[in-house]
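Here is a quick tour of a protein chain, with an eye on its rings and strands. Have a look at the model first.

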Amino acid sequence: MANTLTGGFGLRPIGKTGGNPNNNATTMYEIANNYTTAIYNGGIVIPLASGTIAISDQAVAPLGVLGGVEYVDSVTGKTTHLNYWPGSNAVSVNTNFPVKAYVYDDPMQLYVVVADGTNTDRATALADVFSNCDMASVNNGSTNTGKSSDMLDISTAATTANLDVRIVGLYEEEGNTDYSAVGHQYIVRLNAPFNSGFAAAVGTAANTGI
């Protein structure tokens, strides 16, 4: 029986480890006005030495996951709210109107993610729990929905420390529990997020700015 999900939606926040009651809160950061690369809702973002954020780069510790943006449109002069950063130049270049980005950045944040591959059965999928894993189709998404299309590259599941996320459980949603088909889901958290205090300092790796 195939799953209803056949594609990804990035990382979707669902709560925090330990059942923290302040679930799914975001922190406001900035995207540089001249940053023209799209960042989709549910995509991993990283901190830059410039004090702004950008799309993920495996050489830099992840800051969190993008939840939405707010900016002043350069044509209408009106404040615009979107669930993703379109990467367009249709923003005010006036530094009095920064591009505000809302990021799920709690190191304890948990996310649901769709697997891009198959497992034999539930027991095989369960054996992936506590493994680390890389993301697949990174930094892609839809301008119609604003949603990321990132998925979990389940073939990379291993104990390797520098993979993108840690699998902490199975997410069993009706219609998406066929583990022999694409579309089953896992619960994950970011590996070594920047705000955990255990990540490399900003600007010390490959991505040091725009």
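Predicted model: local features only at pLDDT ≥ 70, side-chain atom pairs only at ≥ 80, totals over all residues.

How many aromatic pairs does the structure hold? The structure holds two, where a pair means rings of Phe, Tyr or Trp (its six-membered ring) with centres within 6.5 Å; planes under 30 degrees apart count as stacked, over 60 as edge-to-face and the rest as tilted. A pair of aromatic rings is described by the distance of the centres and the angle of the planes, and the table gives both.

| Pair | Type | Centre to centre | Angle between planes |
|---|---|---|---|
| Y40 and Y84 | stacked | 5.6 Å | 0° |
| Y71 and W85 | edge-to-face | 5.5 Å | 90° |

Y40 sits in the loop between strand 2 (27-31) and strand 3 (44-47), and Y84 in the loop between strand 6 (79-82) and strand 7 (99-104), so this pair ties together parts that are 44 residues apart in sequence. Y71 belongs to strand 5 (residues 64-72), while W85 is in the loop between strand 6 and strand 7; the pair links distant parts of the chain, 14 residues apart.

Residues are numbered from 1 along each chain as its sequence is written, and side-chain values use heavy atoms, with hydrogens and water left out.

Now for the strands. The protein chain has one helix and twelve strands, taken as DSSP runs (H or I, at least four residues, for helices; E, at least two, for strands) numbered from the N terminus. Read from the N terminus, the order is β-β-β-β-β-β-β-β-α-β-β-β-β.

Strand 5 and strand 6 pair in the antiparallel sense over four bridges; pairing takes at least two DSSP bridges between two strands. V72 has T79 of strand 6 as its bridge partner. Six residues lie between the strands of this hairpin, where G77 takes a positive phi near 75°.

On the chain as a whole, buried residues make up 47% of the 210 residues. Among contacts (heavy atoms within 4.5 Å) between residues at least 6 apart in sequence, 68% join residues at least 24 apart.

Technical notes: Buried < 20%, exposed > 50% of the residue type's maximum accessible area, 1.4 Å probe, protein only.
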